[in-house]
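Dear colleague,

My notes on what was found in it follow below.

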Amino acid sequence: MKADGLILALDIGTSSLRSALFDERAERLEATTAQIGYALDLPRGGGAELSPGTLRTAARNCLSQTLASYRDVSELRDRPILAVGGSCFWHSLLGVDARGRAVTPIFTWADSRCREETARLRAELDERAVHQRTGCMLRSSFWPAKLAWLRETQPRL
């Protein structure tokens, strides 16, 4: 009899990172669940940042815990992992260099330091047209305002 496959899931949230295996009925296998919490950095003026290194470490540790459980539970280790899925917080921005290395913190959806740029973009552009073309509203949680803010505050980036 062929063993049913599993799905490895990784969820990167604003306050924690989780990983687990799910069965063919999309039910989480609790023994494989790992979760590591972390806190947002909150710079003055409305900042809400995460460290890329913190997330990388949390991901490695969660995945190591989940896969160790997978190997340790005899009923699981013969079931192949057929797929990997992931989800993460929306509208966050990470600047990287030409080699893909982080050059900024992760500016989360909650970072509102680009309020002035948001207002300026809304005054200069047709928000409905921008939304139709890009899927982005002219709000501080979306990239256009964050990129305009970075251009103003950190032009070398």
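To follow the helix geometry, please keep in mind that axes are lines fitted to C-alpha atoms, for helices over the stretch in contact, and that angles run from 0 to 180 degrees between N-to-C directions. Helices (H or I, at least four residues) and strands (E, at least two) are DSSP runs, numbered from the N terminus. The model is a predicted one, in which local features need pLDDT of at least 70 and side-chain atom pairs count only at pLDDT 80 or more, while totals for chains, interfaces and linings use all residues. Residues are numbered from 1 along each chain as its sequence is written, and side-chain values use heavy atoms, with hydrogens and water left out.

I begin with a pair of helices. The axis of helix H3 (residues 115–124) comes within 8 Å of the axis of helix H5 (residues 143–153), and the two cross at roughly 115°. On the H3 side the contact (heavy atoms within 4.5 Å) is made by Glu-117, Thr-118, Arg-120 and Leu-121, and on the H5 side by Pro-144, Ala-145, Ala-148, Trp-149, Arg-151 and Glu-152. Sorted by class, these are 5 nonpolar, 1 polar and 4 charged residues, where Ala, Val, Leu, Ile, Met, Phe, Trp, Tyr, Cys and Pro count as nonpolar, Asp, Glu, Lys and Arg as charged, and the others, Gly among them, as polar.

Arg-120 is partly exposed at 29% relative accessibility, whereas Glu-124 is exposed at 53% (buried means under 20% relative accessible area, exposed over 50%, partly exposed in between, with a 1.4 Å probe and protein chains only).

The structure holds 10 salt bridges, among them one between Arg-122 and Glu-127 at 3.1 Å, N to O. Here Arg-122 is partly exposed, at 41%, while Glu-127 counts as buried, at 16%. Another joins the side chains of Asp-11 and Arg-18 at 2.4 Å, N to O, and Asp-11 is partly exposed, with a relative accessible area of 25%.

Asp-23 sits in the loop between strand E2 (16–22) and strand E3 (34–37), and this residue is buried, with a relative accessible area of 6%. Its side chain reaches the backbone nitrogen of Arg-25 at 2.8 Å, and a polar atom of the Asp-23 side chain lies 2.9 Å from the backbone nitrogen of Glu-27. Asp-23 is also linked with Glu-24, Arg-25 and Arg-79 in a network of salt bridges.

Finally, please look at Phe-107 in strand E7 (residues 102–107), which counts as buried at 3% relative accessibility. Leaving aside neighbours within four places in sequence, the contacts of Phe-107 include His-91, Leu-93, Arg-113 and Trp-149.

Definitions and conventions
A polar contact is a pair of N or O atoms within 3.5 Å; within protein, one must be able to donate a hydrogen and the other to accept it, and residues adjacent in sequence count only if both atoms are side-chain atoms. A salt bridge is a side-chain nitrogen of Lys or Arg within 4 Å of a carboxyl oxygen of Asp or Glu.
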